[in-house]
Structures are given as C-alpha cells and as structure tokens.
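Biologist: I would like to learn how to read a fold like this one. Where do we begin?

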Amino acid sequence: MDYKIIPSVCSYCGCGCGVLFQVMDGQLVDTMPMKTHPVNEGKLCIKGWNLHEHVVSDKRLKTPLLRKDGQLQEVTWDEAIQTTADKLKAIIKEHGPGSVGVLASAKVTNEENYLIQKFARAAI
C-alpha cells in the first residue's frame, strides 16, 4: 500500500484554506485540515471537509464537450478553446463588447478573479 499526504489549498472559495489530501495507491480518499496553515488554523467548513468527493466525482467533466449536429461530443482542448474564441470574437464583432458578460465567483481564488476582471477589461 502506497500512502501519501499531499498539502494543497481548498478550491471551494477564495479564502485559501490549507488542506491535506490523503492519497492511497494513487487514489484521493480523504481531506484533512492543515493545522499549521495561517488561514484556517486546522479548521475547515463542511465543503472543505468533503473536497475530495468533488475531485473524484463521476459527475465531473474531464474532457470538453461541443454540441455538433445536436449532440454533445468530446473534443480536444485545442478545439474547444478555438471554438470558444471564434464565437466570442464573432459576437463582439457583430454586437460590440457590451454584449458580452463575464461572471466571477467566490468559488475561485483571488488570483483567478483578478485574471477574470483583467480579461474582461483588456481582452473584451
């Protein structure tokens, strides 16, 4: 049996609580709070305690999907990103940058929210 404890940061919100992932034989099996982390000091909310269940959920998408001929089909990341960029450019060209909205979330890190607003201001 191969058992590891891997330190990480909880991804449920922007607080940045320290977590320890328990990995057994290459499979994520549990989440524990990191007692020495300055943000949460050994405490976790209910979402943090169950973080591993989200990560290994069979409902989680692992590959991008595009609708083709009315059906969702798996595609490569390159194709999904290119399709998204092309459609976004077409919308902006036809309707202007005010026609595009960007949603931020408390479920991402502060750094990711910074990138979202930077994208909205600079790219759109």
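Predicted model: local features only at pLDDT ≥ 70, side-chain atom pairs only at ≥ 80, totals over all residues.

Biologist: In what order do the elements of the protein run from the N terminus on?

Modeller: The order is β-β-β-α-α-β-β-α-α. That gives 4 helices and 5 strands. The radius of gyration is 19 Å, well over the 14 Å that the globule rule gives for 124 residues, so the protein is more spread out than a compact globule. The C-alpha trace spans about 55 × 35 × 20 Å along its principal axes.

Biologist: What percentage of the 124 residues is buried?

Modeller: The cut-off first: buried means under 20% relative accessible area, and exposed means over 50%. Here buried residues make up 20% of the protein. The protein exposes about 9,400 Å², with carbon and sulfur atoms supplying 58% of that area.

Biologist: How should I read contact range? Of the contacts between residues at least 6 apart in sequence, what percentage joins residues at least 24 apart?

Modeller: A contact means heavy atoms within 4.5 Å. Of the contacts you describe, 26% join residues at least 24 apart.

Biologist: Next, the core. Which residues make up the largest nonpolar core?

Modeller: A nonpolar core is a set of buried residues of nonpolar kinds, joined through side-chain atoms within 4.5 Å. The largest one has 8 residues: Cys10, Cys17, Val19, Phe21, Val23, Leu28, Leu44 and Leu51. Strand β2, residues 18–24, gives the largest share of this core, with 3 residues.

Biologist: Take one member, Cys10. Which residues does cysteine 10 touch, not counting those up to four places away in sequence?

Modeller: Cysteine 10 touches Cys17, Val19, Gly48 and Leu51. Follow Gly48 from there. Glycine 48 lies in helix α1, residues 46–49. At 0% relative accessibility, glycine 48 counts as buried. Beyond its neighbours within four places, glycine 48 is in contact with Cys10, Tyr12 and Thr31. Its C-alpha is 8.3 Å from that of methionine 32, which is 16 residues apart in sequence.

Biologist: Now backbone angles. What is phi of aspartate 25 near?

Modeller: Phi of aspartate 25 is near 50 degrees, a positive value in a residue other than glycine. Aspartate 25 is in the loop between β2 and β3. At 49% relative accessibility, aspartate 25 counts as partly exposed.

Biologist: Where does aspartate 69 lie?

Modeller: Aspartate 69 is in the loop between β4 (65–68) and β5 (71–74). Its phi is near 55 degrees, again a positive value in a residue other than glycine. Aspartate 69 is exposed, because its relative accessible area is 79%, and exposed means over 50%.

Biologist: One more residue. In which helix does glutamine 117 lie?

Modeller: Glutamine 117 lies in helix α4, residues 110–123. At 26% relative accessibility, glutamine 117 counts as partly exposed.

Note on methods
Residues numbered from 1 in each chain as written. Heavy atoms only, no water. Helix = DSSP H or I, 4+ residues; strand = E, 2+ residues; numbered from the N terminus. Rg over C-alpha atoms; globule rule 2.2 N^0.38 Å. Buried < 20%, exposed > 50% of the residue type's maximum accessible area, 1.4 Å probe, protein only. Areas by Shrake-Rupley, 256 points an atom, 1.4 Å probe, with all protein chains shown as cover.
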